[in-house]
Amino acid sequence: MTNLVRSPAWLALTAHYEEIRDTHMRDMFREDVTRFDKFSCRMNDLLLDYSKNRINEKTMALLMDLARHAGIESWRDHMLAGDVVNCTEHRSVLHTALRNRSDNPVFVKGENVMLKVNAVLAQMRGFTDKVRNGEWRGYNGESIKNIINIGIGGSDLGPQLVCEAMKPYARRGMRALFVSNADPTHLVETLKLVEPENTLFIISSKTFTTQETMLNAHSARKWFVDRVGDDKAVAKHFVAVSTNVTAAKKFGIDPNNVFEFWDWVGGRYSLWSAIGLPIALFLGMEHFEEMLQGAYEMDRHFAETPLEKNMPVLLALLGIWYNNFFEWQSHAIMPYSQYLQRLPAFLQQLDMESNGKTIDRTGHRVDYLTGPIIWGEAGTNGQHAFFQLLHQGTKPVPADFLIPALNNNPLGLHQRVLVSNCLAQTKALMLGKRYVEAVEELQKQGLSKEDINEVVQHKVFEGNKPTNTIIFERLCPKTLGSILAMYEHKVFVQGIIWNINSFDQWGVEYGKVLAGQIQKDMEQPGNVSHHDSSTNGLINYRKRIYFEEVEKNKIV
C-alpha cells in the first residue's frame with residue numbers, strides 16, 4: 001500500500017465512511033437546522049453552499065486533517081512562489097503570475113517574470129486597441145469584423161468558453177470564431193461565415209508545430225491567399241501566439257505581431273496569457289483585465305483563507321470524499337446559464353488532463369482512484385437529457401450547480417423559472433421521495449389501490465445525492481475569472497492529495513507519436529503489416545478506399 005492509504009488521516013476517513021455511509025441527508029437537515037450556515041462560505045459575490053453533501057462536522061474535520069497531512073498549504077505556497085512543482089518537466093507553474101494585479105515580483109530561477117508578463121499585456125493592449133478602433137485594417141483598408149482563433153486544447157477551450165460566456169460585453173459587430181479540429185469540416189464551415197477582407201486569424205501554438213493547429217493554419221492561409229491573390233497580405237490578417245518567432249515569420253506573420261508566453265504556462269491554464277488575445281479583441285482589454293482581477297482575487301482567497309473556509313480546498317476535499325471513499329467515479333457540472341454552456345468542456349480538460357494519472361510523483365503506481373470523469377450540460381437542457389439517471393439511476397453522480405441570481409438578459413419570468421429549476425433539482429436530489437410519500441401523492445390523484453401498487457415503486461426516489469450550489473450576483477468578467485481560478489485551484493489541491501503531477505500530459509503526447517507513424521503508412525500504397533492486426537486492418541481498409549477514389553477522381 002502507498003503512504004497515502006496507510007496514513008492516519010486516510011484510515012480515519014475510511015472508518016468514518018463506515019459510520020456515515022447509510023445516513024440520509026434529509027435526516028441530517030431535519031436534525032440540524034443550521035446546516036446551511038455551517039456548510040456554506042462566500043468570496044466576494046460568490047456563495048458556495050455545500051450543505052447538500054453527505055457530511056457532518058466530523059467529516060469536514062477529518063478531510064481537513066487529510067489536506068494538512070498532504071501539505072496543501074506548503075505546496076500552495078511553493079506553487080505561488082514560482083518553485084518547481086511540475087516534477088516530470090522540471091518547471092514552475094505560474095498561471096497565477098499572469099493575473100498578478102499587485103506590484104509584487106514573482107521569481108523563476110532568479111528572474112522577475114512580471115516584467116515579461118506586463119510587457120505582453122501592454123503589447124496586447126496596444127494591438128487590441130488598434131484593431132477595435134479601426135486603426136488596424138485589412139489589406140484593402142477594411143476594418144476587422146471577424147476573429148478566427150486557430151488552436152487546440154487549452155489554446156481553444158479557454159478562449160472559446162470566455163468569448164461565449166461574455167457575449168454581453170463584446171463589441172457590437174465583431175464576431176469571435178474558433179477552429180480546432182483536424183477534421184476539415186471545422187475549418188471549411190467556419191470560413192463560409194467570413195470574408196478575407198475583414199477577418200483576422202490568430203494562430204495559437206507555443207512551438208508553432210502543433211499538428212492540428214498548423215494543419216488548419218496552413219489551410220486557412222491558402223484559403224486567404226487564393227482569394228486575395230497576394231502573399232504579402234498575410235501580414236495584415238494573421239498574428240501568432242507562440243515562442244517560435246522564426247517559424248511565425250516564415251509563415252508570413254510580422255514578428256511584431258507574435259505574442260509570447262512561457263514554458264511555465266501550461267496549455268489548460270493559459271487563457272490568462274496571450275492565448276487570451278481573442279478574448280481581449282472580442283471584449284476589449286479592459287474586460288480581459290477585469291477577468292484577470294477576478295482570478296487574482298480568487299488566488300488571494302486561496303492563498304490567505306483558512307482551509308475550513310477556502311472554496312477551492314472545500315470543493316477539492318468533497319471530491320476526494322466521493323471519489324476515494326464512496327468510490328463514485330464521475331462528477332457533473334451543471335451551469336444554469338446558457339452563456340456557460342462550454343464550461344463543462346473546459347473543465348473536462350482542466351481536470352481530466354491534469355489528474356488522469358496512474359503514477360505518483362515518486363514514479364510509483366497509485367493504489368487508489370485519481371481524477372474523476374467530468375461531464376455536464378447547461379440547465380435546463382440537462383434536465384431533459386440525463387437527470388433521470390441522476391435521480392433514479394444506479395450510478396451516483398455528485399454535481400456542481402452554478403447559477404447567476406440575475407440574468408444579463410432580463411426577460412419576463414425566465415430567470416425566476418431558471419433559478420427555481422436549479423434550486424428544485426438540488427433539493428430533489430437531496431430529499432428524494434419515500435414510498436409513503438409516493439403513495440400519498442398517487443392517492444391525491446385519485447388512483448385506485450391496484451393502480452397505485454402497479455406504479456408506486458417507479459415514483460420512489462432514493463435521494464441522498466450530493467450537490468454543491470455556487471450562486472453569484474451576475475455573470476461578468478470579474479466573476480467568471482474567479483470561478484475559473486477556483487476550479488484551477490481545486491484541481492491542484494486534489495493532485496497534491498493524490499501525490500500526482502497535475503501539470504504534465506504524457507498520455508496525450510504518446511498518441512501524437514503513434515498518429516505520426518500511422519500517417520506515414522497512410523501515404524504509401526500497399527498494405528501494412530507491422531502494427532497489431534486491428535490497426536493493420538483499419539489502415540488497409542481506409543487506404544483501399546482512398547486510393548480507389550484517387551484513381552477514379554484524381555483527388556490528392
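Arginine 30 and glutamate 31 are both exposed, where exposed means over 50% relative accessible area, buried under 20% and partly exposed in between (1.4 Å probe, protein chains only). Their side chains meet in a salt bridge, at 3.8 Å from N to O; the term stands for a side-chain nitrogen of Lys or Arg within 4 Å of a carboxyl oxygen of Asp or Glu. The model is predicted, so local features need pLDDT of at least 70 and side-chain atom pairs count only at pLDDT 80 or more, while totals for chains, interfaces and linings use all residues. Residues are numbered from 1 along each chain as its sequence is written, and side-chain values use heavy atoms, with hydrogens and water left out.

**Salt bridges**

- The structure holds 27 salt bridges.
- Asp27, Arg30, Glu31 and Arg434 are linked in a network of such bridges.
- Aspartate 32 forms a salt bridge with lysine 38, and the closest N and O atoms are 2.8 Å apart. Lysine 38 has a relative accessible area of 32% and is therefore partly exposed.
- Glutamate 509 and lysine 512 are joined by a salt bridge of 3.8 Å, N to O. Both residues lie in helix α22 (residues 506–523), three residues apart, which is about one turn of the helix. Helices (H or I, at least four residues) and strands (E, at least two) are DSSP runs, numbered from the N terminus.
- Lysine 512 counts as partly exposed because its relative accessibility is 41%; glutamate 509, at 30%, is also partly exposed.

**The six-stranded sheet**

- Six strands form an open sheet of mixed pairing, in the order β1-β2-β15-β14-β12-β13. Two strands pair if DSSP finds at least two bridges between them.
- β1 (40–43) and β13 (373–376) stand at the edges with a single partner strand each, so one side of each has no neighbour in the sheet.
- On average, neighbouring strands of this sheet are turned by 20 degrees against each other, direction ignored. Axes are lines fitted to C-alpha atoms, for helices over the stretch in contact, and angles run from 0 to 180 degrees between N-to-C directions.
- The pairing of β1 with β2 (residues 46–49) is antiparallel and spans four bridges. Arginine 42 stands opposite leucine 47 in β2.
- β12 and β13 pair in the parallel sense, also over four bridges. Isoleucine 333 has glycine 376 in β13 as its bridge partner.
- From β12 the chain crosses through α16 to β13 in a right-handed β-α-β crossover. Right-handed means that, with the strands pointing away from the viewer, the path from the first strand over the helix to the second runs clockwise.

- Helix α16 (residues 343–355) lies across β12 (330–335), β13 and β14, and runs at about 175 degrees to β13.

**Nonpolar cores**

- The largest nonpolar core has 125 residues, and Met124, Trp264 and Trp321 have the most contacts inside it. Such a core is a set of buried Ala, Val, Leu, Ile, Met, Phe, Trp, Tyr and Cys residues joined through side-chain atoms within 4.5 Å.
- With twelve residues, α15 gives the most to this core.
- A second, separate core of 25 residues includes Ile150, Ala220, Phe251 and Val258.
- Leaving aside neighbours within four places in sequence, tryptophan 321 is in contact (heavy atoms within 4.5 Å) with residues including Leu13, His16, Tyr17, Arg54 and Phe326.
- Histidine 16 is placed in helix α2 (residues 8–20) and is buried, with a relative accessible area of 2%. Leaving aside neighbours within four places in sequence, histidine 16 is in contact with Asn56, Lys58, Thr59, Leu62 and Trp321.

**Backbone exceptions**

- Most residues other than glycine have a negative phi, and most peptide bonds are trans.
- Histidine 90, not a glycine, has a positive phi of about 55 degrees. Histidine 90 is found in the loop between β3 (84–86) and β4 (91–92) and is exposed at 59% relative accessibility.
- Glutamate 327 has a positive phi of about 60 degrees. Its place is the loop between α15 and β12, and at 53% relative accessibility glutamate 327 counts as exposed.
- Glycine 379 and threonine 380 are joined by a cis peptide bond, with omega about 10 degrees. Threonine 380 is in the loop between β13 and α17 (387–392).
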